[in-house]
Amino acid sequence: MTPRVVRPGILVVSTLIACHRDQPRQADPSGAALSLAAAPQDTAFPGTTAPIHRARPIRPGVPPALLRAVETSSGPGYDRVVFEFASDSVPGYHVAYMTAPVRRCGSGNPVALAGAGRLVVRFEPARAHDERGNPSPAERERATGLPALKDIKLVCDFEGQVEWALGVAAAAPYRVSETTAPARLVVDIRRRP
Amino acid sequence: MTAWPKPALVVLVAACHGAPVEPCPSPRAAGIAAQQAAPVARPSPFDSVFAAAGAEFHVPPALLAGVGWAETRWQMVQGAEEFPGRPAAFGVMALRGAALERGASLAGVTPEEARRDAVANIRAAAAVLDAYASEAGAARERIEQWSAVIARYGEIGIPAAQAAYLGQVDRGVALAGGRPGLAVGSAAQAACPSPDTAALDYPQAIWRPSPNFDQRPTDATGALHMVIIHTCESNYAGCWSWLVNSVSQASAHYVVDEDGAEVSQLVRERDRAWHIAALYDCTLNRRHDCWRNDVQSNDFTVGIEHAGFASQASFPAAQLDRSAALVCDVTRDRGIPRDWQHIVGHGQLQPANRTDPGPNWPWIAYLHRVQAWCGEVIVDDSAQFNDAAVATVSVPATWTATDTTPDYYGGGYRWAPTQPAATDAAVFSFLVTAAGSRTLDARWTSGTNRSPQAKYAVITSAGVTLATVAVDQRIGGGSWHALGTWTLPAGWNRVALLRRDASGAVVVADAVRVRE
């Protein structure tokens, strides 16, 4: 029907290969282009260091929003993470700096992150795997090495919640913006001058 | 790679193929469970369409109904593409992608009709199954010959998930009045998941081992002490299949399906599953076991997931009952008390970011089911915690309600000072349906001001006092203590906690337990 139709068997195999990749991949330049198009340019936004919370109704029987892609990039004066969902709109989210250690939501085990600050981005209802158990995206962590954004790790994909922990150079002001079609949440972390 | 010792391999293979004790139960047990749990056929809204399309395309109508049930529970769905490469599914039969196009063409309808119109959708699905069956050379009169056809229709590559899908279709076939047999036929294809026959703590479970676990601490903090109730926020197959994937970094010991027909065990109880992130905080749990504060909650808990959502308005009775049977099994084997401090919701212990199993999980009735499976009735000092059909309480207003000392049963307890002339006992009554032997236990909370000889009178439905048992309530709080075993007549028997004694102490009325 569409050129993107892939037999699930093949999909599983390719996913498994992706899972076993040990080295985190650097930001894809095309991803940077994609994310820069998603929000207005701004080199000196005020931002906030306080939590930002936006709840969405959770309806039983409606599948959680599927995370399709995560892209990291560097913009003028800030570093950016874009979370793209396969749904019509972004699910509910909660973004906050954490002082306590970041823990994996299943095991409760602490997660080490680069940088001095830990910004956590949680989505609900959401999932980062399809109904066949294929992770989406396959890449679950990335050492970005950007000036403000050091690394990102998926720390939760369980019971309708997806949580990413962002290791940042310092707990600098950040902002979020949403787009629809495609549904994206854009998180910008201001760089130190 | 290390070489397997040859004998182990031989044993594994032999066990997979017809050993007397079924050590490799997944697909076979799934099929059997489906048959046992769905003996009563029920009509679908599309029975006449299944019959007509089945006749037209030489596909058993019950099989069409089975696929429709497995895919959509007989509802028209309008899909959305949820994953690149996984086209959206449409209609009762969840047709998608190339199969939808092909079926529409074979059935002489447009793809749009096959998406939106129930008759066109079912006919297109029947046409695709017809084509697949011809290509597979299936003998259509034998249900097991359809396994490969249905598996192809389901487009699932993972063998264990494929077997589970066939089990679901089997269940739908049985609901439609047909004879299931798809999953049984596929049993030989599925890999035997584990040679470890001792893995199953709950023998009725299907063993689907998850790699997502580690060891519990070896000190007191690692002793198994609580059961955590979860909801998956997804359906059953999506739940367990994700939790057995190492990528998920999450797991539970058990997953209970929507209908109560099937339970999966993913992690052995002795191992530490990964289902709750929170560090323990006793203020969230009636101040129970504060010495565990800041212990990682996975260390000492068993996690049970339930297919479904925390936002559900209600939970299926059969799912709750199966879950209760499982919790009875876990708590009996591990010596865990069956009360609200030890059988706890995920959201209760992790309120920062979890609510499951949600506000509509029927906690009180659920605990009563767990207790019933374990053959016990508990009478609390507060009526709201009692199953009024079998347990009632009468505590005079002279007794004071409080929850000051933790580890009570229910929501608190009552206390009253001893008095030489008091006649206002706290009375715990329970229904015995058929005369027989019962063991009675009492529970209280301890303190230095408690009576060293609190007196419990055991009184039959005929009004005969069988015994008066004195206990030292200064010690032993928070757990059950046997008063004795008596033969009780049918009817409402009772245990009365007396106040009458020399002044200077208090007696605590918390709960009475009746065991068969």
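Predicted model: local features only at pLDDT ≥ 70, side-chain atom pairs only at ≥ 80, totals over all residues.
1. Residues are numbered from 1 along each chain as its sequence is written, while chains are lettered from A and ligands numbered from 1 in the order in which they are written.

2. Have a look at the prolines. Most residues other than glycine have a negative phi, and most peptide bonds are trans. In chain B, the bond between Asp356(B) and Pro357(B) is cis, with omega about 5°. Pro357(B) sits in the loop between helix H13 (346–349) and helix H14 (363–373) of chain B. Chain A has a cis bond too, from Glu124(A) to Pro125(A), with omega near -5°. You'll find Pro125(A) in the loop between strand S5 (117–124) and strand S6 (126–127) of chain A.

3. Next, positive phi. Glu159(A) is not a glycine, yet its phi is about 55°; its loop runs between strand S8 (149–158) and strand S9 (161–168) of chain A. Glu159(A) counts as buried because it has 29 C-beta neighbours inside 10 Å. (Buried takes 20 or more other C-beta atoms within 10 Å of the residue's own, exposed 12 or fewer, and partly exposed is in between, with C-beta atoms placed from the backbone.)

4. Arg287(B) also has a positive phi, near 55°, and belongs to the loop between strand S8 (271–273) and strand S9 (301–306) of chain B. With 14 other C-beta atoms within 10 Å, Arg287(B) is partly exposed.

5. Strands S10 (residues 174–179) and S11 (residues 183–190) of chain A run antiparallel and are joined by six bridges; strands pair if DSSP finds at least two bridges between them. Thr179(A) has Arg184(A) as its bridge partner in S11(A). Three residues lie between the strands, and Ala181(A) in this hairpin has a positive phi near 50°.

6. Finally, a helix pair: H5 (residues 97–107) and H7 (residues 118–136) of chain B pack at about 95°, with axes 7 Å apart. Axes are lines fitted to C-alpha atoms, for helices over the stretch in contact, and angles run from 0 to 180 degrees between N-to-C directions. So H5(B) is roughly perpendicular to H7(B) (65 to 115 degrees; under 35 is roughly parallel, over 145 roughly antiparallel, the rest oblique).

Conventions: Helix = DSSP H or I, 4+ residues; strand = E, 2+ residues; numbered from the N terminus.
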